[in-house]
Amino acid sequence: MALVGCGSGLPLHSLSNDDLSARVDTNDDWIRSRTGIGARRVAGPGESLTTLALAASRGALEQAGWAAEELDLILLATSSPDDLFGSAPRIQGLLGAHRAVAFDLTAACSGFLFALVTASQYLRAGTFKKALVIGADQLSRWVDWNDRRTCVLFGDGAGAVAVEACAPDADGLLGFRLRSDGRRADCLTLAQSRERQPLVGEFSAQVGGFAPIAMNGQEVYKFAVREVPAVLQELLAETGTEADQLDWLLLHQANQRILDAVAERFAIPNERVLSNLAAYGNTSAATIPLMLQEAVADGRVQPGHLLASSGFGAGLSWGAALLRWQGPKG
Ligand code: UT7
């Protein structure tokens, strides 16, 4: 599987830490020093998960030099679809990717990495040739804006990567590891609300709906700084890669302190750690492709560069992938 294009979609409106401190008891200093976050984008009335994902998809297609009709597969990693039946088919329709099969995949903040690996299996098996992997979330609609412990963390956004089948020696997915541990599911939830409505006689039915995001921040933090280095270490060992061979560390953007801790563990200097937390906060499934797009666009990530990536979050779920960015064919 070769990674040949990427794109991003972001809401227009940016909410700063100072803006938030007018609503909840927080301040710029606390948020920056504990998380590295300075602002986050919040979708406005004309924006949605679909419009953000669409913008990201169009960017990835354009960079890859593909027409939408060439796509065989669209995978949308999201925990916040516009439609619980799935948002990928609507995106497929709006793109005009009429040949492609499109479906959603949910693995919270690990979703993009899980979807990328899923796409790679179809491409390697020869089932499909061209795929679009989108990571997108609009968690602003599921955050309790009165809960300072969570509302300062999340933002909306989308990123997409165009991937295509290739010869094994050109494969840009050099290795991967995926993990789940449902025993720790309660650490981070966007769970159904349990309200019921009376039906007939003694019968009642549950009313559809979800409670806001709830997180045991300290537990998730400990999980991340333990499991991310461990899974990356396994991946590096399995692929015979030394940390100093990596051009970039591309982690899920949840907390700058987590990025720093992982980088320190592998003695990777700050200049090789990709971070856009200051501008966008935690955009869940979108962080990795959003960050990749930004670093490709400004020339930091060049064709042939080697990136160690890791996603982690609710599930609990986590994983790592060793990637080589190819970029569009010359
Ligand atoms: O994307 C999915 C993966 N998610 C993550 O990886 C998140 C992992 N967790 C974290 O990044 C951190 O745990 C947080 C950033 C969520 C929290 O940082 P922390 O250093 O663990 O803070 P804490 O929860 O231990 O809270 C410390 C204090 C508390 O006050 P007391 O009880 O010590 O008086 C909180 O009430 O900070 C208080 N606090 C705040 N103060 C100002 C919590 N949130 C805020 C806030 N502004 N926004």
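Trainee: Which pocket does the ligand take up?
Mentor: In this predicted model, the space that the ligand takes is the largest pocket.

Trainee: And how many residues surround the ligand there?
Mentor: The ligand is surrounded by 24 residues, and the closest of them are Thr 26, Arg 34, Gln 218, Asn 255 and Asn 282.

Trainee: What about Arg 34, how far is its side chain from a ligand oxygen?
Mentor: An N or O atom in the side chain of Arg 34 lies 2.8 Å from an oxygen atom of the ligand, and for the side chain of His 252 the distance between such an atom and a ligand oxygen is 2.8 Å. The side chain of Arg 257 also places an N or O atom 3.1 Å from an oxygen atom of the ligand.

Trainee: How much of the ligand's accessible area does the protein cover?
Mentor: On its own the ligand has 960 Å² of accessible area, of which the protein covers 76%.

Trainee: Switching to secondary structure, which elements each supply at least two residues of the shell?
Mentor: Those elements are the helices H2 (28–35), H6 (148–151), H7 (217–239) and H8 (256–265), together with strand E14 (306–313).

Trainee: Which one gives the largest share?
Mentor: That is H7, from which four residues of the shell around the ligand come.

Trainee: Where do the shell residues sit in terms of domains?
Mentor: Domain 1 (2–170) and domain 2 (173–185 + 212–324) each contribute at least three residues to the shell around the ligand.

Trainee: And what is the make-up by class?
Mentor: The shell around the ligand has 11 nonpolar residues, eight polar ones and five charged ones.

Conventions:
Residues numbered from 1 in each chain as written. Predicted model: local features only at pLDDT ≥ 70, side-chain atom pairs only at ≥ 80, totals over all residues. Heavy atoms only, no water. Near = heavy atom within 4 Å. Polar contact = N/O pair within 3.5 Å; in protein donor to acceptor, adjacent residues only side chain to side chain. Areas by Shrake-Rupley, 256 points an atom, 1.4 Å probe, with all protein chains shown as cover. 1 Å grid on protein atoms, 1.4 Å probe; cavity = no way out; pocket = protein on both sides within 12 Å on 5 of 7 lines; lining within 4 Å. Sits in = over half its atoms within 2 Å of the grid points. Nonpolar A, V, L, I, M, F, W, Y, C, P; charged D, E, K, R; others polar. Domains from an automatic or database assignment.
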